[in-house]
Every structure is written in structure tokens, then in C-alpha cells.
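Reader: I am new to reading protein models. Could you take me through one, feature by feature?

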Amino acid sequence: MSLVDTIKPVLTPINKEGYPFITLFLIATLVGWLLFGEGVLAVGLLLTAWCVYFFRDPARVTPVKEGLVISPADGVVQMIRKADPPPELEYSGKQMLRISVFMNVFDVHVNRVPIDGHITKLHYRPGAFLNASLDKASEDNERQSILMETPDGKQIAFVQIAGLVARRILCDLEPGQDVHTGERFGMIRFGSRVDVYVPERTPVLVCEGQRCVAGETILADLGKRPKESLNGVVR
């Protein structure tokens, strides 16, 4: 067995979106080294290593039970509250429950589909670049909104929101597309948030401040009987 075969299982794959940035960082490092010496080389290599780390795309093991809503992003649950989905989705149902997952610049930024279903509407909206941890970022920031319908007819929405540093939202989904839980569907560069909207009475299985893993952490269970908690959030 070669050295490459030995270390390959422990290496984290890099998302294809990262290769142009990694190449740019390497070129800038080389030019800086030739022009300014070894001090710039050390800084350039450190920044290049961070760029590689940012675009990592590790494999995930996704729960397969029907009705589970899985976190679409790595990060921390910033808030859980009742809210209307973005108006551009033209959602005509009742108010929903919004679960917000905030990603910092050190989290994996590849986003994953939260549940099996059919994409019914997509809408990109330009906007501001406020700190994504703020509540008003859901309304004011640049975003990509997605509305979908589960196999049993429930409507779910999820929204990629640009943050203070993020300047690019990538979404590979199309209207009419059938998707499966845990599939990669895009990413946000660099530091941002993803909101997930579920029916208001859906039992939530995470709490504010909890760290989530995209494609693995269960946010809510559409098939579980709701039970009101002391603070009014369904558990």
C-alpha cells in the first residue's frame, strides 16, 4: 500500500468551489515571496492553509427516518422563534417556526438539503450584509429562499443568508427538482446563516446555543406529536 493510499482515508475532501480561491492564494503567496521575502511567505502559506480549511467538504452520515428535519448547515442555533417565511416565497399558510443556524468563518460552509421533498419555488433577493447573527438579517440581508413540499404534503422553507463577511451565495437547486435529505445543494462564502422554516406545531429537537452538524443534527421531527414546553416552544 502506497503512502497516498494510507493517508487518503483521513484527508477531508475540498469542495470544487474552493479550488480557484486556493490557487489564487498560492499565486499571491508565491509573488509575495519573490517580491518581499520569507516573512510574506509564512503569512501567505498560513492564509492558504485557512482557505483550504474553509472549503473542506467532509462526508456526513444522515439519519434516514421519515419526517426528520436535518440541519442544512454547520454552526450554532442562533434563535428559535415563530416567523413568516420570506414574502418572495408567497407562502399562503399559517405562521411557521424558524430555526436559525449561524456559521462562522471556521465552520464547514457546504449546505445540505434538510428533508426529502420537491422544490416548488426559488427566489434570490439582493440586500444588505449585516451581521448574520442579528434577527433583522432574516429580513434585510441578501438571501436565497427555497420552498419545498415533503412527500406527505407538508411545506418547508429554508433560506441561505449572507452575513457581514459573506458576499456570495451559491445554490444549485432548480424549481421542480426532487431532493433527498443530506444532499449538498450549495454554500455561502464566508460566514453566514441558514434559516429553516417548519410548520408551527412541529416538535423542535435542538435548543438555542446548540452546535449543529450539517446533514447529521436533527432540528425537528415532522412525524412526532407536539408537546408544549414551558417557554412556549414545541418540543
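Author: Let us begin with disulfides. A disulfide is a pair of cysteine sulfur atoms within 2.5 Å. Keep in mind that this model is predicted.

Reader: How many disulfides does the structure hold?

Author: The general idea comes first. A disulfide is a covalent bond between the sulfur atoms of two cysteines. This structure holds zero disulfides. Take Cys207: the closest cysteine sulfur, in Cys212, is 9.0 Å from its own sulfur, which is too far for a bond. Cys207 counts as partly exposed, at 37% relative accessibility. Cys171 is partly exposed too, at 22%.

Reader: Now the overall fold. What does the secondary structure come to?

Author: The protein chain has four helices and 13 strands. Of its 235 residues, 45% are buried. Residues 24 or more positions apart account for 72% of them.

Reader: Which helix gives the most to the nonpolar patch?

Author: Helix H2, residues 19-36, with seven residues. Trp33 sits in that helix. At 39% relative accessibility, Trp33 counts as partly exposed.

Reader: Next, aromatic rings. How many aromatic pairs are there?

Author: Look for rings whose centres lie within 6.5 Å. The structure holds four aromatic pairs. One of them joins Phe21 and Phe55, which are stacked: 5.4 Å centre to centre, with 25° between the planes. Phe21 lies in helix H2, and Phe55 in the loop between helix H3 and strand E1, so the pair ties together parts 34 residues apart in sequence.

Reader: Last, charges. How many salt bridges does a search of the whole structure find?

Author: Side chains of opposite charge can pair when their charged atoms come close. Here the search finds eleven salt bridges. One joins Asp221 and Lys65, at 3.6 Å from N to O. Asp221 is in strand E13 and Lys65 in the loop between H3 and E1, so the pair ties together parts 156 residues apart in sequence. Asp221 is buried, at 5% relative accessible area, but Lys65 is exposed, at 54%.

Reader: Which residue forms a salt bridge with Lys82?

Author: Glu200 does, with the closest N and O atoms 3.1 Å apart. Glu200 lies in the loop between strands E11 and E12, and Lys82 in strand E2, so this pair ties together parts 118 residues apart in sequence. Both ends are partly exposed: Glu200 at 25% and Lys82 at 46%.

Reader: Are Arg98 and Asp195 buried or exposed?

Author: Both are buried. Their salt bridge has its closest N and O atoms 4.0 Å apart. Arg98 is in strand E3 and Asp195 in strand E11, 97 residues apart. Finally, find Asp57, Arg112 and Arg184, which are linked in a network of salt bridges.

Methods. Residues numbered from 1 in each chain as written. Predicted model: local features only at pLDDT ≥ 70, side-chain atom pairs only at ≥ 80, totals over all residues. Heavy atoms only, no water. Buried < 20%, exposed > 50% of the residue type's maximum accessible area, 1.4 Å probe, protein only. Helix = DSSP H or I, 4+ residues; strand = E, 2+ residues; numbered from the N terminus. Contact = heavy atoms within 4.5 Å. Phe/Tyr/Trp six-rings, centres within 6.5 Å; stacked < 30°, edge-to-face > 60°. Salt bridge = Lys/Arg side-chain N within 4 Å of Asp/Glu carboxyl O.
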